[in-house]
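Please read it with the coordinates open.

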Amino acid sequence: MPYAVGILDLHADARAAVAEVGAVPEGSLVVGTMESVTSYRLMPLIEHMHLRFPRVRLAMRPGVCERTYEAIRDGSYDCGFVIDDASERSGLESVTLCAEPLSLVAEPGHRLVEAGEVTVAELRKERVLGTEPGCAYRDLFESVLTGQDVEPFPILEVGPTDTIKRGVAEGLGISLLPTVVVREELRSGRLVKLPWSVEGRLHTRLLWRRGGERPALRALIETAARSVAEGG
């Protein structure tokens, strides 16, 4: 299957190479993404692509990072947006779009809000809400809380980020989320940021299979970099 996919990609590249110079990008792109990235980073990108390249059709496929990596490798997806540690992934090319700071959030009346410095030992006493495994910021927090234990720290998996935020706001637990996801809640006071930060940096990236570029994908890569930079 990988060889067959490679042959089809080469065929598409060959057709593009002999096409008229300056031809308008066209065709379908199946794009893996994360719910948090789509909702808070990609809506301007989707709008820009629709206006500038109306003959390129995007099909967004939400999922966790590991699933997206594999789907790009096996040709199910043309590319994918992820939040990860920006490490090299076998067989994949990437462009880093922006850093993704993380915020540990709780409801305003939480006992740790007034703490001078929150320790991991204190956090281990809390109920933690998160997404399913395979999401970089959930896995990072789980690793910190697990420490040297044999059994992973229990994360209450409640679904997508909007559900997590509602649960946190209602006092169900705390959660580590990308700051961009909770920006409005922090501004309004519905959520508060606890005085704790995790070591390590995550980034939003766009990845695609090495050698799999074609005009429509190149248009998406260029538009993504510009759109995220403008969006802040």
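1. Two strands are taken as paired if DSSP finds at least two bridges between them. The model is predicted. In it, strand β3 (residues 79-84) and strand β10 (residues 203-209) run antiparallel and are joined by six bridges. Within this pairing, I83 faces T204 of β10.

2. β3 and β10 belong to an open sheet of five strands, ordered β2-β1-β3-β10-β4, and the pairing in this sheet is mixed. Its edges are β2 (56-62) and β4 (92-99); each has a single partner strand, so one side of each has no neighbour in the sheet. From one strand to the next, the twist averages 25°.

3. What lies across β1, β3, β4 and β10? Helix α3 (residues 65-73) does, and its direction is at about 150° to that of β3. For reference, β1 covers 27-33.

4. There is also an open sheet of three strands, in the order β8-β5-β9, with antiparallel pairing. β8 (175-178) and β9 (192-193) are the edge strands, each pairing on one side only. Two bridges connect β5 (residues 102-106) with β9, and these strands run antiparallel. A106 is found opposite V192 of β9.

5. Which helix packs on this sheet, touching β5 and β8? The answer is α6 (residues 161-169), whose direction makes about 135° with that of β8. Its buried residues are T161, I164, K165, G167, V168 and A169. An α-helix has 3.6 residues a turn, so residues three or four places apart point the same way. The lysine deserves a look when checking this helix: K165 is listed among the buried residues of α6.

6. The buried residues of α6 have partners beyond the sheet strands β5 and β8. They also pack against the helices α2 (35-52), α5 (136-146) and α7 (179-188), and against β6 (129-130). After α6 comes G171, with a positive phi near 85°.

7. How many aromatic pairs does a search of the whole structure find? The search gives one. The pair consists of F141 and W196, with 5.5 Å centre to centre and 45° between the planes, and it is tilted. F141 sits in helix α5 and W196 in the loop between β9 and β10, so the pair ties together parts that are 55 residues apart in sequence. Are these two residues buried or exposed? F141 and W196 are both buried. Helix α5, which carries F141, is also among the elements that the buried residues of α6 pack against.

Methods: Residues are numbered from 1 along each chain as its sequence is written. This is a predicted model: local features need pLDDT of at least 70, side-chain atom pairs count only at pLDDT 80 or more; totals for chains, interfaces and linings use all residues. Side-chain values use heavy atoms; hydrogens and water are left out. Helices (H or I, at least four residues) and strands (E, at least two) are DSSP runs, numbered from the N terminus. Contact means heavy atoms within 4.5 Å. Axes are lines fitted to C-alpha atoms, for helices over the stretch in contact, and angles run from 0 to 180 degrees between N-to-C directions. Buried means under 20% relative accessible area, exposed over 50%, partly exposed in between (1.4 Å probe, protein chains only). Rings of Phe, Tyr and Trp (its six-membered ring) pair if their centres lie within 6.5 Å; planes under 30 degrees apart count as stacked, over 60 as edge-to-face and the rest as tilted.
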